[in-house]
Amino acid sequence: FAINLKYDDVHDYTAMGNKMAEIITYVKSKGFDVAFFSFGADHKAIKHLPASLQNSFPVYNPYEMGMLPFLKELAKARYGLGFAYHFAILGTMLNIKTANIYYDDYYKQKTGGVIQQICEKHLTISYKTLLEMPVENLFDTLDTTDANQLPAMVTRLSETYQWPEYRDWE
């Protein structure tokens with residue numbers, strides 16, 4: 001289970017810390033490993049989790065380990081939950097059933113708009129909705145998403161930008 005919290009001046013995870021702890025605890029109780037995927041300073045948001053969870057999972061950062069090893073680790077996830085735009089895009093492209101969480105209207109438009117173009121069945125919700133949603137419902141909802149969108153996305157982009165025909169990527 002891949003997690004990302006975006007770390008910047010806009011996001012306030014004070015209220016989200018307990019919800020993320022609930023999600024992490026639930027995920028682990030279902031037998032999933034948890035990993036945190038940071039873009040730059042995003043790993044600093046971990047401090048908003050309860051102390052007992054802060055060191056309970058690996059943290060991957062492409063700026064420290066390189067992009068290819070980062071993507072290889074991310075691709076191991078079956079599910080994901082993240083606030084960062086990059087996480088939403090990469091999760092969708094890697095066929096991860098991802099909950100894309102937005103904090104404000106800017107991120108709603110930025111993340112939701114792009115994800116809708118590459119994945120018709122996606123989960124993009126506000127952090128307020130996530131706070132109120134029972135964890136079990138989050139997984140039920142994620143299971144209705146269609147994460148296998150890479151071929152369709154490449155086809156749409158190829159038609160739009162007249163790229164060469166899609167071929168299986170190795």
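In strand β6, Ile125 is the bridge partner of Ile101, and Leu123 is the bridge partner of Ala99. Strands here are DSSP runs of E with at least two residues, helices are DSSP runs of H or I with at least four residues, and both are numbered from the N terminus. β5 and β6 pair in the parallel sense over four bridges; two strands count as paired if DSSP finds at least two bridges between them. The model is predicted, so local features are reported only at pLDDT of at least 70 and side-chain atom pairs only at pLDDT 80 or more, while totals for chains, interfaces and linings use all residues. Residues are numbered from 1 along each chain as its sequence is written, and side-chain values use heavy atoms, with hydrogens and water left out.

The two strands belong to an open sheet of six strands with parallel pairing, in the order β3-β2-β1-β4-β5-β6. β3 (59-60) and β6 stand at the edges with a single partner strand each, so one side of each has no neighbour in the sheet. In general, strands of a sheet pair through backbone hydrogen bonds, either parallel or antiparallel.

Helix α4 (residues 85-93) packs on this sheet and touches β1, β2 (35-37), β4 and β5. The direction of α4 makes about 165° with that of β5; such angles run from 0 to 180 degrees between N-to-C directions, with axes being lines fitted to C-alpha atoms, for helices over the stretch in contact. Phe87 is in helix α4 and counts as buried, at 1% relative accessibility. Buried means under 20% relative accessible area, exposed means over 50%, and partly exposed is in between (1.4 Å probe, protein chains only). Leaving out residues up to four places away in sequence, Phe87 touches Ala2, Ile3, Asn4, Phe37, Phe39, Leu74, Gly80, Leu81, Gly82 and Thr98; contact means heavy atoms within 4.5 Å. Leu74 is 13 residues from Phe87 along the chain, and their C-alpha atoms are separated by 9.4 Å.

The loop between α4 and β5 holds Asn95. Asn95 has a positive phi of about 65° although it is not a glycine, and at 35% relative accessibility Asn95 is partly exposed.

Back in β6, Leu123 and Ile125 point one way, Thr124 and Ser126 point the other way, and all are buried. Ser126 has a relative accessible area of 14%. A polar contact of 3.0 Å joins the side chains of Ser126 and Thr129. The term covers a pair of N or O atoms within 3.5 Å; within protein, one must be able to donate a hydrogen and the other to accept it, and residues adjacent in sequence count only if both atoms are side-chain atoms. Not counting residues up to four places away in sequence, Ser126 touches Ile101 and Tyr102.

The next topic is the interior. In soluble globular proteins, nonpolar side chains tend to be buried together. A nonpolar core is a set of buried Ala, Val, Leu, Ile, Met, Phe, Trp, Tyr and Cys residues joined through side-chain atoms within 4.5 Å. The largest such core has 33 residues, and those with the most contacts inside it are Phe1, Ile23, Leu81 and Leu138. At least two residues of this core come from each of α1 (16-29), β4 (79-82), β5 (97-102), β6 (123-126), α6 (127-132) and α7 (135-142). α1 gives the most, with seven residues. A second, separate core has twelve residues, including Ala2, Ala35, Phe37 and Ala84.

α1 itself has 14 residues and reaches 20 Å from its first C-alpha to its last, close to the 20 Å expected at 1.5 Å a residue; the expected span is 1.5 Å times one less than the number of residues. The buried residues of α1 include Met16, Gly17, Lys19 and Met20, and its buried residues pack against β1 (2-4), β4, α6 and α7. Apart from neighbours within four places in sequence, Ile23 is in contact with Phe1, Leu81, Leu130, Val135 and Leu138. After α1 comes Gly31, whose phi is positive, near 90°.

Leu49, in the loop between β2 and β3, is buried at 5% relative accessibility. Leaving aside neighbours within four places in sequence, Leu49 contacts Gly17, Met20, Ala21, Ile24, Gln54 and Phe57. Leu49 and Lys19 are 30 residues apart in sequence and 8.9 Å apart in space, C-alpha to C-alpha.
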